[in-house]
Amino acid sequence: MKIKADLIRHLERLRPSWCQVEKVVELSGPEFDAFLIDPQEEQAFLADSAELMHRWDGVTGCVLVLAGGRPDGVLVDSEGTARARYAAYLPQARSILNAELERAADHIVHQGTEHTASGYWCVYCEELAEKFGLIIPEGSGLDTMLKETLERRPEVAAVEIGSGAIETTFHPEFCKGFKGSVDEKKPGLRVRDVLPLLMGGGLVFLTHEEARTSVLAQFLQELTPTGQEDYTALLDARVAEIYPSSEGLEVVLTDVAPEELERFNEDYENFQDAEQAMGDMTP
């Protein structure tokens, strides 16, 4: 068996120290080879990450350098410079990192599919740091790799990572929180079926690709039986997609005229105006 290793002559002791991967940098094959040949040459990617490489509580912040298509990597502590002041060659570094990312993805998928009632689930990066020691800041390279790992999972419909959170939308058929049988969760799902499941988790907007406006789902919950009859077309619209946005959860509808959304909003505004006018007339 052959294995790559950096053997040091007359080594006095072997005492590995704790290192924290703060950032992953992916180089091309030729760039990686040049870095291995002369690690003391100044590197722009180390200069850009200099503030990440520091020591605290016995842990050293490092940059993990990988090469596209290769399994090995180099762990670097530049001590705030553009050179590899300290470095360790790591055989199978990519496999080690991928295994940790898979563990984090397993956790996110398990938590989401077990507990979401809407298909949407949010896990904060602090939780991953506490459970797995994974630091996932934006632009670290780790965020992109985790996103790609989650997107490969069959349960996952969409992923967004930012502002210290991993927001994941799952396919309904994998979510235990969706009440009913698998047949009820197929593409024929209608607004009236999912409306009770979407409430209580923040703002939910019903949208249509051709509509100029969206409907706040909470307003539909306020409809009386008579009102439900008036807006049967909207309540029977099919749910094409559910995904998180910056304002809340968006539910994309099909099999309904876009004018139905506009009609509902106009009627609701008129109703609110009438209620306010009646209130103003109260002695």
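This is a predicted model: local features need pLDDT of at least 70, side-chain atom pairs count only at pLDDT 80 or more; totals for chains, interfaces and linings use all residues.
Strands here are DSSP runs of E with at least two residues, and helices are H or I runs of at least four, numbered from the N terminus. Two strands count as paired if DSSP finds at least two bridges between them.

Strand 9 (residues 204-207) runs parallel to strand 12 (residues 249-254), with four bridges joining them. V204 sits opposite L249 of strand 12. With strand 10 (residues 215-216), strand 9 pairs in the antiparallel sense over two bridges, and there F205 faces L216. Put together, four strands make an open, mixed sheet in the order 10-9-12-11. Strand 10 and strand 11 (238-244) are at its edges with a single partner strand each, so one side of each has no neighbour in the sheet. Look along strand 9 and you'll see V204 and L206 pointing one way, F205 and T207 the other, and all are buried (under 20% relative accessible area with a 1.4 Å probe on protein chains only; exposed is over 50%, partly exposed in between).

Now for the cores. A nonpolar core is a set of buried Ala, Val, Leu, Ile, Met, Phe, Trp, Tyr and Cys residues joined through side-chain atoms within 4.5 Å. The largest one has 28 residues, and L97, L128, I136, L146, L150 and I166 have the most contacts inside it. Helix 3 (93-115) is among the elements that supply at least two residues each, as are helix 4 (125-132) and strand 8 (165-170). The largest share, seven residues, comes from helix 3. Leaving aside residues up to four places away in sequence, L128 touches A104, H107, I108 and I166, among others, where a contact means heavy atoms within 4.5 Å. A second, separate core of 24 residues includes L189, V191, L220 and L235.

Then there's the largest pocket, which is lined by 42 residues, with S17, C19, L75, A88 and L90 nearest its centre. Strand 5 gives the most to that lining, five residues. (A pocket is an open set of points on a 1 Å grid over the protein atoms alone, where a 1.4 Å probe fits, with protein on both sides within 12 Å along at least five of seven lines; lining residues have an atom within 4 Å of a point.)

On bookkeeping, residues are numbered from 1 along each chain as its sequence is written. Local features need pLDDT of at least 70 and side-chain atom pairs 80 or more, while totals for chains, interfaces and linings use all residues, and side-chain values use heavy atoms, without hydrogens or water.
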